[in-house]
Amino acid sequence: MNKQSKVHSLPAGTYTEHTIPKRNGKVRKICAPDADLLRYQRSKLPDLYRMFTARAYSHGVDDVFHGFVPDKNCVTAARAHIGYDMTLMMDISEFFDSVQRSVFPAGSITDDSSFYHSEGNYCAQGYATSPILANIAIIPIIKEIQVFLSDLLNDEFAFTIYADDLQISFNYELNRRFKQRVEDIIAVVTACFTLANFRINSNKTRLRHAKYGYRRILGINVGNDHIRASRKTIRKLRAAKHSGNGPSAGGLSTWSKCYPPKSVQEADVAFAQRVASIERMYTTFDYSANRHLIPPIVPVSVT
């Protein structure tokens with residue numbers, strides 16, 4: 001099967017649907033909006049982000065989402081899993097295509113027909129609005145899973161989602177019930193998504209153990225106290241430098257440094273500077289010269 005293209009019309013513009021064959025025999029559908037439709041969709045993003053933030057915060061899952069969210073990225077997701085014994089990773093199959101228009105309330109901003117495929121009424125890959133709409137759609141599911149994990153793991157876990165990738169980290173327990181516990185997590189997560197008309201791709205479910213080395217999460221190696229670039233990234237960077245591919249080498253170099261978003265970097269720097277200033281204050285404080293500033297110790301009688 002060769003690549004096929006078809007033009008569709010929406011109220012705010014048109015888009016071209018590209019059907020691209022994959023190596024496994026299936027096809028991938030990419031919808032490329034024209035300039036007018038893309039401009040319209042982008043104009044609605046601020047309102048959609050506000051809706052997502054309000055709903056995620058009200059459900060208590062705002063820290064779980066790291067994909068398509070301001071001030072979050074793969075690095076912030078990976079950092080949440082530092083120090084755990086193992087990480088369970090699962091994948092949502094055909095994520096955007098499974099987000100139907102019917103899951104959103106009628107009459108709200110999410111009911112805009114320009115956000116969905118003209119025939120299937122789903123969030124198409126390639127639309128500017130599909131990522132944040134997909135996040136909004138799964139907030140109740142993520143809340144259910146979070147409540148289950150809190151009860152099962154006594155709040156000693158890390159839970160993140162980046163696009164269609166879920167990551168759950170926890171510590172190992174040396175008992176016979178541990179294997180059953182992992183199987184319960186997989187079964188419950190799968191059931192929660194299945195009941196909401198999503199599907200978990202069981203072929204991509206992985207359990208990575210810290211005792212075997214770094215746990216690779218979202219392309220980043222996660223250790224006991226730090227994160228670092230994967231060997232694959234380092235090899236790509238070395239190859240790009242050797243071939244003289246400057247743009248590729250520059251991008252890979254930045255990615256290999258595992259930078260969080262700029263706002264998070266600034267917050268980390270501010271915190272480090274504050275800690276350093278406090279340490280300097282205590283190390284340079286002359287107690288003998290400033291003895292009068294120290295309050296006297298008043299003995300307390302115990303009856």
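Two strands pair if DSSP finds at least two bridges between them. The views below use this sense of pairing, and they come from a predicted model.

**View 1. Strands S5 and S6 form a hairpin.** Strand S5 covers residues 157-162, and its partner, strand S6, covers residues 165-170. The two strands pair in the antiparallel sense, over six bridges. Within this pairing, Phe-159 has Ile-168 in S6 as its bridge partner. Two residues lie between the strands of the hairpin. Ala-163, in the turn, has a positive phi of about 60°. Five of the six residues of S5 are buried, so S5 is largely enclosed by the rest of the structure.

**View 2. Strands S1, S2 and S3 form an open sheet with antiparallel pairing.** The order of the strands is S1-S2-S3. Strand S1 (4-10) and strand S3 (27-33) are at the edges; each has a single partner strand, so one side of each is left without a neighbour in the sheet. On average, and with direction ignored, neighbouring strands of this sheet are turned by 25° against each other. Strand S2 spans residues 13-21 and pairs with S3 in the antiparallel sense over seven bridges. In that pair of strands, Tyr-15 stands opposite Pro-33 of S3. Helix H1, residues 35-43, lies across S1, S2 and S3 and runs at about 85° to S3.

**View 3. Val-27 is a residue of strand S3.** The relative accessibility of Val-27 is 37%, so Val-27 counts as partly exposed. Between Val-27 and Lys-3 there are 9.3 Å in space, C-alpha to C-alpha, while the two are 24 residues apart in sequence.

**View 4. Strands S9, S10 and S11 form an open sheet with antiparallel pairing.** The strands follow the order S9-S10-S11. The edges are taken by strand S9 (215-217) and strand S11 (227-229), each with a single partner strand, so one side of each has no neighbour in the sheet. From one strand to the next, the twist averages 35°. Strand S10, residues 220-222, is joined to S11 by three bridges in the antiparallel sense. Ile-220 stands opposite Ala-229, a residue of S11.

**View 5. Lys-257 sits in the loop between helix H8 and helix H9.** Helix H8 spans 246-256, and helix H9 spans 262-284. Lys-257 has a relative accessibility of 47% and therefore counts as partly exposed. Lys-257 is 30 residues from Ile-227 in sequence, and their C-alpha atoms are 9.5 Å apart in space.

**View 6. Helix H4 is mostly covered.** Helix H4 consists of residues 130-137, and eight of its eight residues are buried. These buried residues are Ser-130, Pro-131, Ile-132, Leu-133, Ala-134, Asn-135, Ile-136 and Ala-137. Helix H2 (45-59) and H5 are among the elements that cover them.

**View 7. Helices H2 and H5 cross at roughly 20°.** The axes of the two helices come within 10 Å. The crossing angle makes H2 roughly parallel to H5, because angles under 35 degrees count as roughly parallel. H2 passes H5 in a right-handed crossing. From H2, the contact is made by Phe-52, Arg-55, Ala-56 and His-59; from H5, by Ile-139, Lys-143 and Gln-146. By class, the residues of this contact between H2 and H5 are three nonpolar, two polar and two charged.

**View 8. Helices H5 and H6 cross at roughly 160°.** Helix H5 covers residues 139-153 and helix H6 residues 177-195, and their axes come within 9 Å. H5 is therefore roughly antiparallel to H6, since angles over 145 degrees count as roughly antiparallel. The crossing of H5 and H6 is right-handed. On the H5 side, the residues that meet H6 are Ile-141, Ile-142, Glu-144, Ile-145, Phe-148, Leu-149, Leu-152 and Leu-153. On the H6 side they are Arg-181, Asp-184, Ile-185, Val-188, Val-189, Cys-192 and Phe-193. The contact of H5 with H6 has twelve nonpolar residues, three charged residues and no polar ones.

How values were computed
Residues numbered from 1 in each chain as written. Predicted model: local features only at pLDDT ≥ 70, side-chain atom pairs only at ≥ 80, totals over all residues. Heavy atoms only, no water. Buried < 20%, exposed > 50% of the residue type's maximum accessible area, 1.4 Å probe, protein only. Helix = DSSP H or I, 4+ residues; strand = E, 2+ residues; numbered from the N terminus. Axes fitted to C-alpha atoms, helices over the stretch in contact; angles between N-to-C directions. Parallel < 35°, antiparallel > 145°, perpendicular 65-115°, else oblique. Left-handed = near helix turned anticlockwise from the far one by under 90°. Contact = heavy atoms within 4.5 Å. Nonpolar A, V, L, I, M, F, W, Y, C, P; charged D, E, K, R; others polar.
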